[in-house]
Amino acid sequence: PPVAGLVYVPFAALPYVASGVVWAAVTIALLVASAALLRPLLPTYTDQQWRLALLCVAASQPVLELIGGGQDSALLLLIWVAGLRLLHAHRDLAAGAVLALGLVKPQLFVLVPLVLLVQRRWSALGAWVATTLALVGASLAVGGIDGNRAWVEALTSDRYHEVVQIGQSWMMHGVPSALVSLVPSSYAGVAQWVGLALGAVLVVAMLLVVRRTPQATVSATWSLVALTTVLLTPHILSYDLVLLIPAVLHLAR
């Protein structure tokens with residue numbers, strides 16, 4: 001959304017090469033900060049095991065592509081982990097506000113309000129709604145009505161569907177993209193809808209599990225949410241899979 005442009009304003013003031021170097025440094029710093037925030041959520045790791053786990057993560061394809069391609073998913077990972085830490089500390093109001101910031105890349109945080117709703121975290125959900133409204137206001141201030149309309153029209157255009165959602169399905173992850181990449185192009189639309197339907201079934205199953213899970217089990221609950229998000233989302237590339245780092249480390253332990 002247009003509000004995401006605010007993230008790049010300081011970098012746009014620099015020459016291109018300098019901006020690229022600073023962006024890469026900031027990306028690495030965001031990953032380090034995410035690791036530091038994540039550590040208390042995984043207390044059963046010994047220090048040696050934790051160092052080995054971080055080495056494996058640093059050598060993974062999503063992290064290498066994130067840094068090498070200059071993508072922005074490190075910021076989303078930090079938002080995700082910070083939100084989990086706040087939920088773990090029972091600071092729901094702050095957690096809801098922080099998790100709403102992830103809407104600068106909506107497809108990665110689309111399930112957050114549903115999870116807060118079924119867990120009856122009312123203060124977190126209220127903060128999420130308030131922050132979301134603030135982001136909508138900021139997006140209108142940045143792009144105006146015409147700019148925001150153009151963003152929506154671009155995402156719903158036939159060209160975007162053909163060139164990105166179908167043409168690049170082979171390099172995406174998730175059930176909808178997998179089905180699209182496996183069928184002839186003439187059936188791509190049907191395959192995508194089938195994938196979204198299967199994703200919806202997964203979401204319902206996930207919400208039923210979350211509803212029965214104690215709020216205190218933050219790592220386990222939100223690992224399931226992250227895994228479901230990746231399977232559901234029709235537009236998720238390798239560098240976005242850094243969102244799974246907390247889930248992978250939880251499952252590995």
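Contact here means heavy atoms within 4.5 Å. Keep that cut-off in hand for the packing stops below.

**Start: colour by confidence.** This is a predicted model. Mean pLDDT for the protein chain is 93, and 100% of its residues reach 70 or more. Select H6: confidence is highest there, at 97. Then select helix H9, residues 158-166, where confidence is lowest, at a mean of 88.

**Next: select residues 122-155.** This is helix H8. Check its end C-alpha atoms: they span only 32 Å. A straight helix of 34 residues would span 50 Å at 1.5 Å a residue. Where is the kink in H8 centred? Go to Gly144; the kink there is about 100°.

**Stay on H8: show side chains.** Its buried residues include Ala124, Leu125, Ala127 and Trp128. Thr131, Thr132, Leu135, Ser139 and Asn148 complete the buried set.

**Last: select residues 218-232.** This is helix H12, with 15 residues. From first C-alpha to last, H12 reaches 21 Å, close to the 21 Å expected at 1.5 Å a residue. Is H12 mostly covered or mostly uncovered? Mostly covered: 11 of its 15 residues are buried. Among them are Trp222, Val225, Val230 and Leu232. Ser219, Thr221, Ser223, Thr228 and Thr229 are buried in H12 too.

What covers the buried residues of H12? Bring up helix H5 (73-88), H6 and H7, which are part of the cover.

Conventions:
Residues numbered from 1 in each chain as written. Predicted model: local features only at pLDDT ≥ 70, side-chain atom pairs only at ≥ 80, totals over all residues. Heavy atoms only, no water. Helix = DSSP H or I, 4+ residues; strand = E, 2+ residues; numbered from the N terminus. Expected span 1.5 Å × (residues − 1). Bend = angle between axes of the 7 residues up to and from the residue. Buried < 20%, exposed > 50% of the residue type's maximum accessible area, 1.4 Å probe, protein only. pLDDT = per-residue confidence, 0-100.
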